[in-house]
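Please open the model in your viewer and keep the selection panel at hand.

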Amino acid sequence: NMSAGRPFRGCACFFTDNIFVGRFGLHVRYRDGPQLRRDHGRALRERGCRSEEQFREVLREIEAEVQRRKQLIHQSVERRAIISKCYKPKHPEVYTLQDSFLAPEFLEIVRFCTSPGADLQGLLCYLESFSDKRIYRLPVFTEEFCQAFVDELENFERSDMPKGRPNTMNNYGVLLNELGMDEPFLTPLRERFLRPITALLYPELGGACLDSHKAFVVKYALHEDLDLSSHYDNAEVTLNVSLGKEFTEGNLYFGDFNQDPSPVPQYIEVEHVGARGLLHRGGQIHGALPIASGERWNLIVWMRSSAIRNQLCPMCHRKPELVEAEGFGDGFTEAPGEEVAQTVNVCALG
């Protein structure tokens, strides 16, 4: 995958920053034991990590995660090759995006956004807005597609295929690039349908030039992942679509935008509605409350703009230190030649 002929890259901070210590619900930056104790010792103690043995367990957990991340690219390529060769889909039709999968109201929104004179105020008439946090709900898929897609994902889950977990916070789910869905489904969804919408909603985040993505499905169920701790996404804009099935509770909650924190964050709760999606800024602090019953499947698409993130990595808040990556990597690209002036259109920045 290339952006304007340039391969996508990752940032080296992936191996050191935003490492989630699950048992204490804390994201940490890690160089070595003394640094961890210095920077995060107090927060760990406040969350119950009080003995030396507990601290050593945390160190082992973090070091295992760093090693996992270092193996990730190689293992993901291997898994994708095995799945491509050996997995027999139950619903092969869901792997290639068709307009018939999309809700008629969603297609109407895209038609509006691509019409002459389309503007933000006109678009907002089609969307549900939540508070002033720029969180929007809209119809995305048909119920029929959602049912077939979840059935396909359950078929894959039951198979003996190798499975990679979406991230350190979700143990149950599917990386859609490993199922081969990037090119035939997700790239056209982003380019043809979502980008006209995000161009109007989030222009300063590169909404008109979201040129890569990471997409995965997460599953919440009793005795599996119940909830999701507070975090922000490695994305400029996130789409979160509720695919089903039947569940109670498990609302999403949203706090501050991570670049503009307030002393006392105001949180809002947003319900999931089947086949509808939420669009929000990737940097919006959010999480998921525990489900009380049933199973909840969600499609998450992290959309990225190299024009924005090449200036500042959203995870370490520094100029990205580029490293080799596979596929879309983490959405960074190498800048060609000289720096581009900051006064030009944001989507022209490299």
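Begin with the largest cavity, which holds about 40 Å³ of space; keep in mind throughout that the model is predicted. By the rule applied here, the count comes to two cavities of 30 Å³ or more.

To see what surrounds the largest cavity, select Arg 137, Asn 240, Val 241, Ser 242, Leu 252, Glu 271, His 272, Val 273, Arg 276, Gly 277 and Leu 278, which together line it. If you then colour by secondary structure, strand S10 (237-244) and strand S14 (276-281) each supply at least two residues of that lining. Colouring by residue class instead divides the lining of the largest cavity into four nonpolar, four polar and three charged residues.

Next, move to the second largest cavity, where about 30 Å³ of space lies. Its lining is shown by selecting Ile 83, Phe 156, Pro 162, Lys 163, Gly 164, Gly 173, Val 174, Leu 175 and Glu 178. Which strand gives the most to the lining of this second largest cavity? Strand S7 (residues 173-175) does, with three residues. By class, the lining of the second largest cavity has five nonpolar, two polar and two charged residues.

In soluble globular proteins, nonpolar side chains tend to be buried together. Here the largest nonpolar core has 56 residues, and Phe 141, Leu 176, Ile 197 and Leu 243 are those with the most contacts inside it. The elements that give two or more residues to this core are helix H3 (104-113), strand S6 (135-139), helix H5 (143-158), helix H6 (182-201), strand S8 (212-221), S10 and strand S16 (291-304). Helix H6 contributes the largest share of this core, eight residues.

Centre the view on Ile 197 and display its surroundings: leaving aside residues up to four places away in sequence, Ile 197 touches Phe 106, Ile 109, Val 110, Cys 113, Leu 123, Leu 138 and Leu 279. A second, separate core has 15 residues, and Leu 26, Leu 36, Leu 44 and Cys 49 are included in it.

Finish at His 231, which has its place in strand S9 (residues 228-231). Is His 231 buried or exposed? His 231 counts as buried because its relative accessibility is 10%, and buried means under 20%. Show the side chain of Asp 233 as well, and you will find a polar contact of 3.3 Å joining the side chains of His 231 and Asp 233.

Notes: Residues numbered from 1 in each chain as written. Predicted model: local features only at pLDDT ≥ 70, side-chain atom pairs only at ≥ 80, totals over all residues. Heavy atoms only, no water. 1 Å grid on protein atoms, 1.4 Å probe; cavity = no way out; pocket = protein on both sides within 12 Å on 5 of 7 lines; lining within 4 Å. Points joined across faces, edges and corners; volume = space filled by probe spheres on them. Helix = DSSP H or I, 4+ residues; strand = E, 2+ residues; numbered from the N terminus. Nonpolar A, V, L, I, M, F, W, Y, C, P; charged D, E, K, R; others polar. Core = buried A, V, L, I, M, F, W, Y, C linked by side-chain atoms within 4.5 Å. Buried < 20%, exposed > 50% of the residue type's maximum accessible area, 1.4 Å probe, protein only. Contact = heavy atoms within 4.5 Å. Polar contact = N/O pair within 3.5 Å; in protein donor to acceptor, adjacent residues only side chain to side chain.
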